[in-house]
There are 2 protein chains.
Amino acid sequence: VPFADLPTPCLLVDLDRLEANAAAMRARALRLGVRLRPHVKTHKVPEIARIQHGGVAGPITVSTLAEARAFAAVGFVDLCWALPLPAGRAAEAVALAEAVDRLVLLVDSPEAVGWIAAAARPGGRRIPVALKVDCGGRRAGVDPAGDEGPAIAARIAEDPRLEWAGLLTHAGHAYACRGPAEVEAVACQERGALLALAARLGRAGLPCPDLSLGSTPTLVHAEDLAGVTEVRPGNYVFFDAFQAAVGSCRIEDCALSVLCTVIGRHPARAALVLDAGALALSLDPGPRHVDPGCGFGAVFDTALAERCGALRIAALSQEHARVEVRGGLPPGAFPLGTRLRIVPNHACLAAACHPVHHAVRAGRVVARWVPVRGW
Amino acid sequence: VPFADLPTPCLLVDLDRLEANAAAMRARALRLGVRLRPHVKTHKVPEIARIQHGGVAGPITVSTLAEARAFAAVGFVDLCWALPLPAGRAAEAVALAEAVDRLVLLVDSPEAVGWIAAAARPGGRRIPVALKVDCGGRRAGVDPAGDEGPAIAARIAEDPRLEWAGLLTHAGHAYACRGPAEVEAVACQERGALLALAARLGRAGLPCPDLSLGSTPTLVHAEDLAGVTEVRPGNYVFFDAFQAAVGSCRIEDCALSVLCTVIGRHPARAALVLDAGALALSLDPGPRHVDPGCGFGAVFDTALAERCGALRIAALSQEHARVEVRGGLPPGAFPLGTRLRIVPNHACLAAACHPVHHAVRAGRVVARWVPVRGW
């Protein structure tokens with residue numbers, strides 16, 4: 001079916017761009033000598049994860065147990081749940097870890113080590129546990145220079161029910177950067193935090209089997225990852241208006257868009273209304289730190305070939321986008337019924353809004369993918 | 001099952017509060033002599049719509065055709081789709097209008113009138129069409145003082161395939177108000193826009209069968225709706241932190257909350273991490289115009305009895321909330337595993353994040369409801 005016939009709003013995945021983005025990151029990981037464990041939270045679609053691995057069910061990172069279960073059910077058996085383990089989910093997580101080849105659990109507290117150990121079956125398989133390190137994002141993770149990290153690592157390593165898996169970090173603060181130079185500084189910090197704590201642990205007799213890092217901004221610019229064993233980028237497979245604004249990609253690399261329709265035309269106030277609101281795009285405010293006027297996504301024609309530079313998505317309500325037309329709305333421009341494609345500010349959040357992904361190539365829908373949902 | 005045992009994050013609906021909110025609005029509509037046609041976009045759950053009508057499948061407003069179809073399938077046969085009709089959806093909308101008792105479609109352009117007429121079966125049922133009026137929100141709708149409204153209304157009334165249904169407006173700009181006094185001014189504008197255009201149409205020989213308005217802020221303060229026939233509030237059934245901040249309700253009236261768990265504790269930076277991120281709460285920034293420090297929701301204990309006033313949700317990533325603890329994190333406070341309930345900034349968007357609503361009463365889950373999704 002031609003995608004132009006789909007009811008709007010709906011989610012389109014440009015397969016050519018997706019495959020190119022996937023291949024580029026695979027080549028980069030190969031060149032840098034690191035394992036690629038893409039974060040599937042960006043799409044939550046097993047078919048996309050296979051494309052990321054060139055056709056196989058390779059290692060993945062998940063953000064929820066729901067993702068872990070659904071991907072495991074279709075053959076993804078090498079997993080990492082990259083969230084500090086919630087107290088109430090230890091039994092479920094351990095049960096899944098026993099059912100797959102490998103599910104690494106993440107901790108940043110001694111308490112969480114205890115929950116996992118308590119949930120493990122006596123005499124059962126050792127559960128791999130990694131330590132989350134804060135490399136400057138100040139969200140989750142232990143201070144790489146503090147005493148807590150070595151204490152937790154030792155506790156993991158000493159417990160016969162657990163397998164010491166190493167260190168993991170994520171430079172979430174890369175998203176506050178204004179361009180590649182700043183991102184490179186954050187990337188350096190990200191790797192530095194891992195290497196510093198790993199060196200301290202090594203001197204204490206506790207080498208790290210894995211050193212895992214990754215955010216899309218820090219990885220697309222990475223030239224040297226010596227010492228690192230694994231990377232976990234997620235967004236790169238789609239990219240989005242935010243990544244383009246901070247220099248992670250060109251806007252024409254963006255593979256995800258929301259197809260919508262002009263449902264209102266108001267020349268007197270130089271405005272359009274589109275049928276893609278907060279439930280189709282998410283309310284992510286976008287890269288306002290580099291482009292205060294960015295609006296809620298970048299508007300394109302249906303071919304994603306030409307950006308509608310005069311259109312700014314000024315506001316979203318649940319099912320409406322209110323678009324300002326710079327310079328006024330000329331007679332005949334953007335008539336009611338016009339289809340447009342919006343490259344979202346934040347692909348991960350926009351994708352999660354939709355019950356189905358339409359994979360498109362050469363103007364046609366070639367596959368319909370159903371993402372995992374919930375927790 | 002006690003809701004405290006549910007895996008987190010998850011969505012809880014406090015049934016006592018929900019029923020009280022529903023009953024209060026039903027009583028208000030009765031007292032004011034208007035038909036209550038609640039907007040079900042807030043929850044998208046048929047069971048909740050029945051509670052809003054005291055147990056019956058009464059008139060409802062929908063935001064999507066998906067809602068219209070799903071609610072119609074379980075007995076809601078008096079519907080209004082309150083979105084300017086998108087060009088490509090006319091055939092589907094007309095087909096549904098022929099299958100239910102009544103589905104009012106909305107237009108704010110002569111083109112849309114033509115699409116509906118063209119989709120109607122010759123000799124079939126007349127399709128009811130209402131005209132959307134802009135009462136100051138400057139999103140959708142015709143200018144009530146302009147010439148376009150009467151021209152479109154006449155076109156609807158003249159077409160034998162269509163039924164002239166009247167006027168509809170929505171004071172979306174009420175959400176920018178700072179309190180009841182400002183809301184009352186907007187409410188006056190909302191009703192005034194309808195009455196003014198209705199008077200002009202009446203003088204031109206075209207009386208309006210229905211005059212429909214409504215937003216939760218303007219309706220909770222309404223004392224006089226003379227001339228109005230119908231109201232369409234949605235949010236009131238849940239309320240939320242935004243509505244409490246602008247004076248639509250007390251915070252203790254809020255019926256919707258997200259149950260979450262403390263998964264990170266960082267005393268050195270006076271911070272907690274919760275397992276409810278942007279995919280559990282939405283990224284709605286909340287009532288920053290009245291409370292610049294509001295954060296991404298109001299945090300409560302599990303009973304929703306005590307507000308955790310020191311906790312401010314400073315940032316959301318996909319599956320994490322980063323919480324600042326005013327005055328520092330005392331030893332032993334909010335230990336890992338602590339359950340909290342977050343009253344979201346915007347109930348409609350937060351509810352849409354979740355695959356299931358857990359209806360709770362006296363601490364127990366008494367029903368599980370599945371909301372409609374998609375378009």
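The following questions and answers concern this predicted model.

Me: On which side or sides of helix 5 of chain B do Ala112(B), Val113(B), Ile116(B) and Ala117(B) lie?
Reply: In helix 5 of chain B, which spans residues 110–119, these four residues are buried, that is, under 20% relative accessible area. Around the axis they cover an arc of only 140°. This arc therefore puts them on the same side of helix 5 of chain B.

Me: Which elements of chain B do the buried residues of helix 5 pack against?
Reply: Ala112(B), Val113(B), Ile116(B) and Ala117(B) are the residues concerned. Their packing partners in chain B are helix 4 (90–99), strand 5 (102–107), strand 6 (127–133), helix 6 (148–158) and strand 7 (162–169).

Me: Which element gives the largest share of the lining of the largest cavity?
Reply: The largest cavity holds about 500 Å³ of space and is lined by 35 residues. Elements that give two or more residues to this lining are helix 10 and helix 11 of chain A together with helix 10 and helix 11 of chain B. The largest share, three residues, comes from helix 11 of chain A.

Me: Which residue takes a positive phi in the hairpin of strand 16 and strand 17 of chain A?
Reply: Strand 16 of chain A pairs with strand 17 of chain A in the antiparallel sense over five bridges, and Arg361(A) stands opposite Arg364(A) in strand 17. Two residues lie between the strands of this hairpin. The residue with a positive phi, near 50°, is Ala362(A).

Key
Residues numbered from 1 in each chain as written. Chains lettered and ligands numbered in written order. Predicted model: local features only at pLDDT ≥ 70, side-chain atom pairs only at ≥ 80, totals over all residues. Heavy atoms only, no water. Buried < 20%, exposed > 50% of the residue type's maximum accessible area, 1.4 Å probe, protein only. Arc of directions from axis to C-beta. Contact = heavy atoms within 4.5 Å. 1 Å grid on protein atoms, 1.4 Å probe; cavity = no way out; pocket = protein on both sides within 12 Å on 5 of 7 lines; lining within 4 Å. Points joined across faces, edges and corners; volume = space filled by probe spheres on them. Pairing = 2+ DSSP bridges.
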